[in-house]
2 protein chains.
Amino acid sequence: QHKWLPTAPGACSRCIDHFGFLENGTFKQRYLLNDQHWHKEGGPILFYTGNEGDISWFCNNTGFMWDVAEELGAMLVFAEHRYYGESMPFGKESYSNTKYLNYLTSEQALADFAVLIKALKTTLPGAQKSSVIAIGGSYGGMLAAWLRMKYPSAVVGALAASAPIWQFIVPCGEFYKVVTHDFTISGTNCSSNIRRSWAAIDRVSASGEGLQWLSQEFGLCSSLKTPDEVYGFKAWLQETWVNLAMVDYPYEANFLQPLPAWPVKVVCKNLHFDTGVSDKQLLNGISHAVKVYYNYTGDAVCLNTSQTATGNLGLLGWYYQSCTEMVMPMCTDGIIDMFEPQPWNFQAFSDECYNQFGVRPREDWAEIVYGGRNISAHSNIIFSNGNLDPWMSGGVTTSLSESLVAIMIDGGAHHLDLRYSNEFDPESVIKTRALEVRYFKQWLNQAATTQ
Amino acid sequence: QHKWLPTAPGACSRCIDHFGFLENGTFKQRYLLNDQHWHKEGGPILFYTGNEGDISWFCNNTGFMWDVAEELGAMLVFAEHRYYGESMPFGKESYSNTKYLNYLTSEQALADFAVLIKALKTTLPGAQKSSVIAIGGSYGGMLAAWLRMKYPSAVVGALAASAPIWQFIVPCGEFYKVVTHDFTISGTNCSSNIRRSWAAIDRVSASGEGLQWLSQEFGLCSSLKTPDEVYGFKAWLQETWVNLAMVDYPYEANFLQPLPAWPVKVVCKNLHFDTGVSDKQLLNGISHAVKVYYNYTGDAVCLNTSQTATGNLGLLGWYYQSCTEMVMPMCTDGIIDMFEPQPWNFQAFSDECYNQFGVRPREDWAEIVYGGRNISAHSNIIFSNGNLDPWMSGGVTTSLSESLVAIMIDGGAHHLDLRYSNEFDPESVIKTRALEVRYFKQWLNQAATTQ
């Protein structure tokens, strides 16, 4: 129901390496800016700390900022993260060589944001006195929180929506436990049928006929032939269930894929079977279930197991980041979750990373640099989480102090609060957004009186 | 009066590059540790954030930590800064090539400290529950403050003694104004005679005979011949006055050089001349004055204008740091100060840096990364400054909040409070040290109740 508001795109020259001086090259960092509602001379700046993807996509999916701009008299800025979208430090070569990837880190991205904020305040007439509030969701939410933690002179506060800043240190099974819980509560036998489906796939795919049946049943673009491909097929299914849990929004939406309202419920309608069901019946249900995710529009000619979500996300970049700093241990046991048992194996992961990029992850670094659980010295950060969102497993879900506030959104999926308001929004998210705006105003008042 | 306490030297493996993953080498970071007075199971750790020099020298010149160890039941750790002393990332090659110098930054040093603290707490039996307090003086004091600002999960508070964290942004003339003031108050006509000496040197050195006279009068190891050498001679004198102001301690001491009590007063006894004095008389006084600094022991055979202080400082390393991040604008005008007029010229400085190291300084970076004047979001930092110390010009000299506390030490030179207690200590520094310990205890109590 909201009109798309045009933004003025810009780009700013940025050091490729903020933390070393030998590499003295610069690159253009893209940002989008809208000052339609901005009160010059003091109106705040809401600054979206871009995450692993094209910034215009995040801009379109962060309606909350557009919704509150007028009330706050705020300028909106959406800053793109280096190595994503159009902000490529080495142009088209940026991903061609592990040497060029060396400057893809969260610390460099935070420095980009701090430098951009300084540049905006220095060059935009009237912005000198503008307080800046960082806003982000998911990894962008982690960056918003960290920007406030590491550069509190740049931003007076941060809204970190669905930001799993503790995913590095929580038990590895927590994430998939939440995914499973979503399916458990969304339909009778739903998670237990998904749990049973893995063995059914193994049994059916043991024969050539079964492989062909599976490929046809799921309408795969490319038929399954080898055990490796079956393994990949199961991984693709697993990621599909995860994505569904993330985007289990209460209304029709198109974030990772175009989907109906409450998509997990819709999926689960296909998975009510009792224990007596045959393998093929069960898998027929599973295939209908995944098509809710991959073919809600009815336009898909076939299902492509090499992609699970929008192309606006920079998967390769994120893989590099998880292979270096962003080490989030994940595991499944098939008991507290509905997936095949898979322990967390740091060494195997590290070897994979080394084969792909020639780098090895540093297991403890994220905890050291971002403080782990011991972050109470910081201030003015809202951590919002939805209880349906798997990422809440690594989030801050209880307040740590008067100004490090946790908000739980009942019935909320991945950063629901950042989306445009909608007539089907649950009461919880309406209240959450109001509370967030109240904190924004409090921070702005605070800043105004201490300046 | 204090016995030297032996420390257990150690070394810990450290990433050469904390902020990139392509360079995956490590190096040995040296640290000194003393647990003689440590209360195991909870006694705090006083952690000296080493600055630009050999850590054993700082260890010997930070008697304050040794003096308070017993009262606090504290472990003492002195951590060496990378690229100084024995902590060389590329061994003997570390300074051989600008490529190797690329990891000499304050951010890397802070990360070294944070990683070392984590390692100590993980590996030393009993240290898991120990709170850590960062302590440092001068650049080490800046690092102590920044460690608390950037890694508050690592340290519960910081004592930043004589730490000019604002030297990047204060007017360029402030530093030399304080130097001049010290000489003005330490003897009649003292600063005005130094101000007059520059032109006298120019006049005398205009002739060959005069050059020879100057060289003999000052007992220089190498005679002055060229105008460049005269320029260097004046620069050496200027640095001598600066150093004297820094170490104007109330008792005999050997920090930068062995010196009498109140050395600036002793220097000024040679500079009482009225305006009628001849050039050679004036310069004879100057030569006696500098010999207070360079030959208090009477052992100097001749004066070497290529060195002004102890060899324990890593001058080349510090020059590299000032050529990259640590850009501290300095200027003189000969009016508010006693030096020859010299404006601050960033471009010329940048060119010099480029010629020497192949890098250029980034003028605004220190302000952006360390917050400039806007640091009130942080907590638990003591900024102590002596009013005789030129570096107080870039220091925090008024409290910013209840927990960002400034202490001025009347009659104090460069981090006097960090030295061993002494019978000639002025009341001001005795009170300062007591107050510092009181804050330490407050932080430790705070941490104990929130854990």
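**View 1. Helix α4 of chain B on its strands.** In this predicted model, helix α4 (residues 139-150) of chain B lies across β3, β5 (132-137), β6 (157-161) and β9 (381-386) of chain B. The helix runs at about 150 degrees to β5(B). Axes are lines fitted to C-alpha atoms, for helices over the stretch in contact; angles run from 0 to 180 degrees between N-to-C directions. Contact means heavy atoms within 4.5 Å. Helices (H or I, at least four residues) and strands (E, at least two) are DSSP runs, numbered from the N terminus. Helix α14 (residues 427-450) of chain B touches β5, β6, β9 and β10 of chain B. Its direction makes about 165 degrees with that of β10(B).

**View 2. The sheet of chain B.** Eight strands form an open sheet in the order β1-β2-β4-β3-β5-β6-β9-β10 (chain B), with mixed pairing. Two strands pair if DSSP finds at least two bridges between them. β1 (8-15) and β10 (404-409) of chain B each have a single partner strand, so one side of each lacks a neighbour in the sheet. Neighbouring strands are turned by 20 degrees against each other on average, direction ignored.

**View 3. Strands β3 and β4 of chain B.** β3 (residues 45-49) and β4 (residues 75-79) of chain B run parallel, joined by five bridges. B:Leu46 has B:Leu76 as its bridge partner in β4(B).

**View 4. Strands β2 and β4 of chain A.** β2 (residues 26-34) and β4 (residues 75-79) of chain A run antiparallel, joined by four bridges. A:Leu32 has A:Phe78 as its bridge partner in β4(A).

Residues are numbered from 1 along each chain as its sequence is written, and chains are lettered from A in the order in which they are written. Local features need pLDDT of at least 70, and side-chain atom pairs count only at pLDDT 80 or more, while side-chain values use heavy atoms, with hydrogens and water left out.
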